[in-house]
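Please look through the sequence and the model shown here before reading the notes that go with them.

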Amino acid sequence: MNIPAALTKVREAIPEGVTLVAVSKFHPESDLLQAYEAGQRVFGESHVQELVRKHDSLPADIQWHFIGHLQTNKVKYIAPFISLIHAVDTLKLLREIDRQAARCDRVIPVLLELHIAEEETKYGWTLDACRQFLAEGEWRNMQHVKISGLMMMASYVDDEAQINAEFQLASDFFDEMKSRFFADDPAFCQRSWGMSHDYPLAISHHSTMVRIGTAIFGERVY
Ligand SMILES: *Cc1c(COP(=O)(O)O)cnc(C)c1O
């Protein structure tokens with residue numbers, strides 16, 4: 001994989017205003033450095049230990065995003081430096097991020113993960129659960145987290161109509177939550193959807209943040 005060339009190609013396909021998160025999980029530090037040297041500053045990781053290791057050894061001006069499922073007992077390891085946590089899927093996790101961010105004297109931006117795809121994942125809020133969680137309002141008292149938008153993954157299928165329908169549902173749901181709960185809050189603005197195989201469709205459905213791994217770094221070696 002020619003990482004700088006692949007990165008350029010992806011960048012050219014993304015409009016201004018859409019943030020590219022280079023998903024570097026399972027790729028070695030040397031690969032990340034190649035992207036860094038080509039100007040990339042936002043990297044996404046999904047395993048805490050690996051992220052901490054990379055954070056400790058790579059340049060300090062990298063913005064690290066946590067994009068995977070985050071276990072409550074591991075929040076403390078990333079709270080001092082994480083720029084954005086994409087996949088908050090329980091109140092318990094949000095409370096722990098708030099608590100650990102307070103200990104670091106930080107405010108950590110987070111996104112709420114929606115469960116829209118047909119896949120059998122246990123993670124993410126259903127739309128109704130998300131509505132209810134926001135209506136209950138405990139999050140309004142949390143001083144050290146900032147709910148900054150929504151994140152989702154579309155089903156991993158070839159059926160473009162299905163993928164389009166899922167992105168559209170997410171986009172409509174974002175608008176609904178924005179007007180019901182965040183109308184006066186400009187920080188609630190991020191729509192994190194789109195991966196290597198579906199980011200053009202995601203962008204056509206108002207994505208503001210695409211999380212792209214394979215198209216930049218090649219296949220992951222597990
Ligand atoms: C791995 C991963 C990605 C990137 O997937 P690619 O298909 O390699 O672009 C995006 N989002 C999440 C949540 C991931 O775990």
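This is a predicted model: local features need pLDDT of at least 70, side-chain atom pairs count only at pLDDT 80 or more; totals for chains, interfaces and linings use all residues.

Residues are numbered from 1 along each chain as its sequence is written, and side-chain values use heavy atoms, with hydrogens and water left out.

**Largest pocket**

- The largest pocket holds about 740 Å³ of space, and of the 28 residues that line this pocket, Lys25, Met153, Met195, Arg211 and Arg220 are the closest to its centre.
- A pocket here is an open set of points on a 1 Å grid over the protein atoms alone, where a 1.4 Å probe fits and protein lies on both sides within 12 Å along at least five of seven lines; lining residues have an atom within 4 Å of a point.
- Grid points are joined across faces, edges and corners, and the volume is the space filled by probe spheres set on the points.
- The lining is made up of 13 nonpolar, 10 polar and 5 charged residues, where Ala, Val, Leu, Ile, Met, Phe, Trp, Tyr, Cys and Pro count as nonpolar, Asp, Glu, Lys and Arg as charged, and the others, Gly among them, as polar.

- Helices (H or I, at least four residues) and strands (E, at least two) are DSSP runs numbered from the N terminus.
- In helix H1, which spans residues 3–12, Ile3, Ala6, Leu7 and Val10 are buried, buried meaning under 20% relative accessible area, exposed over 50% and partly exposed in between (1.4 Å probe, protein chains only).
- Because these residues cover an arc of only 100° around the axis, they sit on the same side of H1, the arc being that of the directions from the helix axis to the C-beta atoms.
- The face of H1 turned away from its buried side carries Lys9 and Glu12, which are exposed.
- The buried residues of H1 pack against strand S1 (19–23), helix H2 (29–37), helix H8 (199–204), strand S8 (209–212) and helix H9 (214–217), with contact taken as heavy atoms within 4.5 Å.
- In helix H3 (residues 48–57), the buried residues are Val48, Glu50, Leu51 and Lys54.
- Seen down the axis of H3, these buried residues fall within an arc of 160°, so they line one face of the helix.
- On the other side of H3, Gln49 and Asp56 are exposed, whereas the buried residues of H3 pack against H2, strand S2 (42–45), strand S3 (63–66) and helix H4 (75–78).

**Buried residues and their contacts**

- Val21, found in strand S1, is buried with a relative accessible area of 0%, and, not counting residues up to four places away in sequence, Val21 touches residues including His65, His86 and Arg211.
- His86 lies in strand S4 (residues 84–88) and is likewise buried, with a relative accessible area of 0%.
- The side chain of His86 makes a polar contact of 2.9 Å with the side chain of His65, and a polar contact of 2.9 Å joins the side chains of His86 and Ser192.
- A polar contact is a pair of N or O atoms within 3.5 Å; within protein, one must be able to donate a hydrogen and the other to accept it, and residues adjacent in sequence count only if both atoms are side-chain atoms.
- Met151, in strand S6 (residues 145–151), counts as buried at 1% relative accessibility, and among the residues that Met151 touches, leaving out those up to four places away in sequence, are His86, Ser192 and Arg211.
- Ile163, in helix H7 (residues 160–181), counts as buried at 4% relative accessibility, and, with residues up to four places away in sequence left out, Ile163 touches Ala154, Ser155, Val157, Asp198 and Leu201.

**Backbone angles**

- Most residues other than glycine have a negative phi.
- Phe26 has a positive phi of about 70° although it is not a glycine; Phe26 lies in the loop between S1 and H2 and is partly exposed, with a relative accessible area of 29%.
- His206, in the loop between H8 and S8, also has a positive phi of about 70° without being a glycine, and His206 is partly exposed at a relative accessible area of 45%.
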